[in-house]
Amino acid sequence: MVRLSLQNIAVSEGWFNRLVVGAVALGFFALLVVGVAAFQSVRDNQFHAQWVSHTFEVERAIANFDALMERAETGRRGYLLSGEANTARTYNEASAQLGSALGRLKELTRDNIRQQANIAALTALARRDFAFMDQSVRQVRAGHRDQAVKSFQVSVPLQLMRQIRSRLSAMRAEESRLLEIRNQAQRQTLRIFYATIVAAGIILILVGSGSIWVILRYTRDLTRSRDELRSLNADLEGAVRERTTDLQRANDEIQRFAYIVSHDLRSPLVNVMGFTAELESATKRLAAMMDRIEEQAPELADKDAQLAAREDLPEAIGFIRTSTQKMDRLINAILRLSREGRRPITPERLDMNAVVQNIGDTHHHQLADKDIDFSVPSQLPAVTTDRLAIEQIFGNIVENAIKYMPPDRNGGRIEIRGRVDGSRALYEIADNGRGIDPKDHERIFELFRRSGAQDQPGEGIGLAHTRALAYRLGATISVESELGRGATFRINLPVAFAADQGATT
Amino acid sequence: MNNHQPVSIVMIEDDEGHARLIEKNIRRAGISNDIHHFTDGTSALAYLYDAPDGPAHAGPALILLDLNLPDMSGTDILGRIKAEGNPLKRTPVVVLTTTDDKLEIQRCYDLGCNVYITKPVNYESFADAIRQLGLFLSVIQVPDLPEV
């Protein structure tokens, strides 16, 4: 259940994560586009502003030209009326500047065909106008003032002037039309710019608030999962403690149970054994009586009764006796296991080389009899644990190795190796004896179970006892073997015994 | 030997078979003293303290005690018999039980048990133990002689 829901969360989380990353990337991409658009519209705006100012410049040039024309005309008229050289200078100055003013106007409106046409017409008109004006000025200078004044009555210059003015106003109209267009364009780009800015703002707000929402969500999720983990952890510790207590209680229960059962089983056994012995002695007396009857009154001798007293009864009693003896051994084994489980563990620093050497010395005779080479090739790691338990574990395995070494094996050997792996010490007891069928690798550690040919005495207790002891020390024991190839027993044991590590088995 | 007060044997044993085997072996060892058999602690204690022919009022006795009784633990009875100031304090108690647990044996000796015999499944050693009990019985009879 828990795993399933976690998986669901993980799946939706993945999907959600992709969505969030996509959305954020899209947001930033939109911002980039908006930025480019804003840049573009600013540039457009600049471009249009340039053209607007250009239009103003053109208008200024037109006004300048207009003013110069007026000044020239005013100067001429003043000169005609007064004949003063001063006024003639005004005319001359203005008319001298007119050419360049016209040139500038032409230069400025080079891009506009309509204005060029206007300017061409204007130039022609201005030229004709100046021809008249120059003529009248020359007449005054030559002293023919009357003729010059009379020329006022001629309508040609007046018409020319009117035409020039209308031409100029056409040019102005053209420029204001352009100005209108350009202003509109500028306003348009400004609108686009503002729209872009607003869009950017909205996207920024969206991306920003989205990011904040995602961050908040993540933070909340993280906090929640951290809290869950913490409470789960606390629960776990509690559960482990509870479980350990339960196990301890169950173990104690089994200990007591085994102890009581073995005692109560023994009590009837004493009776069986005792009365069997009574039967035996009674049978002996019966058999003796049969002998006497046979001797003294052969006619009373009954074949069946003789058979019963001499063969059937002793045979039955023999079977009862061996069975009870075996049962007694089994009960004693259970009793020993249960006692071993109750014995307190007293950890001490053990020099394993010395322990193993001691075991080798204990079995010196058997090793010599079967010509087995008992060796410890390198230094064994030292451990801090219960001496008696370790001696029994190693002793049992070595004893088995000797016991099941085929007598005809040449160069039998038992080798003990060891190394440290982190906080665990690993030992191997390897022999080249008869080996254990792989299907029995677990079975041999069970109580009263044995493997292979039953050619050696034993009840199937040693390895069960060994494993129970190993568990108590927080150790594990396993075997690797092939029939006929010997066996290697592996003991994995904590370097230092901790009270809560071992199980009381 | 003719006039001395005979030692009666009080056997507290819940298993009839065990009781019978013990009795048989005692008789076989040539001991003919009276044997009073009780299968539970309560009636045994009643006899020990209150019966007019019981050890508290009449004559010396030897107590054979099994530790596994249905109504109380044998060690409780032992503790009561061997308590300070008890009239039966000097009465020898032989604990006869199936337990060969070292701690339990120790506890019985601490409480004042005189002999501890494990009921073995091996009948020969059991018979031996009972014979030794007979020897023990003859030894405790000795102090009674000068009194006569």
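In the predicted model of this complex, 75% of the contacts in chain A between residues at least 6 apart in sequence join residues at least 24 apart. Chain A is built from ten helices and seven strands, and of its 505 residues, 22% count as buried. In chain B, the corresponding contacts, again between residues at least 6 apart in sequence, join residues at least 24 apart in 67% of cases. Chain B contains five helices and five strands, which follow one another along the sequence in the pattern β-α-β-α-β-α-β-α-β-α. Buried residues account for 32% of the 148 residues of chain B.

The confidence of the prediction was examined for the complex and for chain B. For the complex, the predictor gives an ipTM of 0.76 and a pTM of 0.51. Chain B has a mean pLDDT of 79, with 84% of its residues at 70 or more. Among the elements of chain B, strand β2 (residues 35-38) has the highest mean pLDDT, at 91, whereas helix α5 (residues 123-141) has the lowest, at 69. Over residues 142-148 of chain B the pLDDT falls below 50, and this stretch has six contacts in the model beyond near neighbours in sequence.

Helix α6 of chain A, which covers residues 303-342, was considered in terms of its length, its course and its surroundings. At 1.5 Å a residue, its 40 residues should span 58 Å, and because the C-alpha atoms at its ends are 57 Å apart, the model agrees with this expectation.

The contact between the two chains takes twelve residues from chain A and eleven residues from chain B. On the side of chain A that touches chain B, α5 and α6 of chain A each supply at least two residues. The largest share of this side, ten residues, comes from α5(A). When the residues of chain A that touch chain B are sorted by class, five are nonpolar, five are polar and two are charged.

Nonpolar side chains in soluble globular proteins tend to be buried together. In the model, the largest nonpolar core has 41 residues, of which A:Ile393, A:Val398, A:Ala401, A:Ile429 and A:Ile491 touch the most other members. The elements that give two or more residues to this core are α7 (352-362), β2, α9 (387-403), β4 (412-421), β5, α10 and β7 (487-494) of chain A. Among these elements, α9(A) provides the largest share of the core, eight residues. When residues up to four places away in sequence are not counted, A:Ala401 touches A:Ile414, A:Ile429, A:Asp431 and A:Gly433. Apart from this core lies another, of 34 residues, and its members include A:Met273 as well as B:Leu48, B:Val94 and B:Val95.

Several residues in loops were also examined individually. A:Asp371 lies in the loop between α8 (364-369) and β2 (372-375) of chain A, and although it is not a glycine, its phi is positive, at about 55°. Because A:Asp371 has 13 C-beta neighbours inside 10 Å, it counts as partly exposed. A:Phe448, which is found in the loop between β5 (424-431) and α10 of chain A, likewise has a positive phi, near 65°, in a residue other than glycine. A:Phe448 has 11 other C-beta atoms within 10 Å, and is therefore exposed, given that a residue with 12 or fewer such neighbours is placed in that class. In chain B, B:Asn86 is found in the loop between α3 (74-81) and β4 (93-97). B:Asn86 counts as partly exposed because it has 15 C-beta neighbours inside 10 Å. The C-alpha atoms of B:Asn86 and B:Ala56 are separated by 9.4 Å, while the two residues are 30 residues apart along the chain.

How values were computed
Residues are numbered from 1 along each chain as its sequence is written. Chains are lettered from A and ligands numbered from 1 in the order in which they are written. This is a predicted model: local features need pLDDT of at least 70, side-chain atom pairs count only at pLDDT 80 or more; totals for chains, interfaces and linings use all residues. Helices (H or I, at least four residues) and strands (E, at least two) are DSSP runs, numbered from the N terminus. The expected span of a helix is 1.5 Å times one less than its number of residues. A residue is buried if 20 or more other C-beta atoms lie within 10 Å of its own, exposed if 12 or fewer, and partly exposed in between; C-beta atoms are placed from the backbone. Two residues are in contact if their C-beta atoms, placed from the backbone, lie within 7 Å. Ala, Val, Leu, Ile, Met, Phe, Trp, Tyr, Cys and Pro count as nonpolar, Asp, Glu, Lys and Arg as charged, and the others, Gly among them, as polar. A nonpolar core is a set of buried Ala, Val, Leu, Ile, Met, Phe, Trp, Tyr and Cys residues joined through C-beta atoms within 7 Å. pLDDT is the predictor's confidence in each residue, from 0 to 100.
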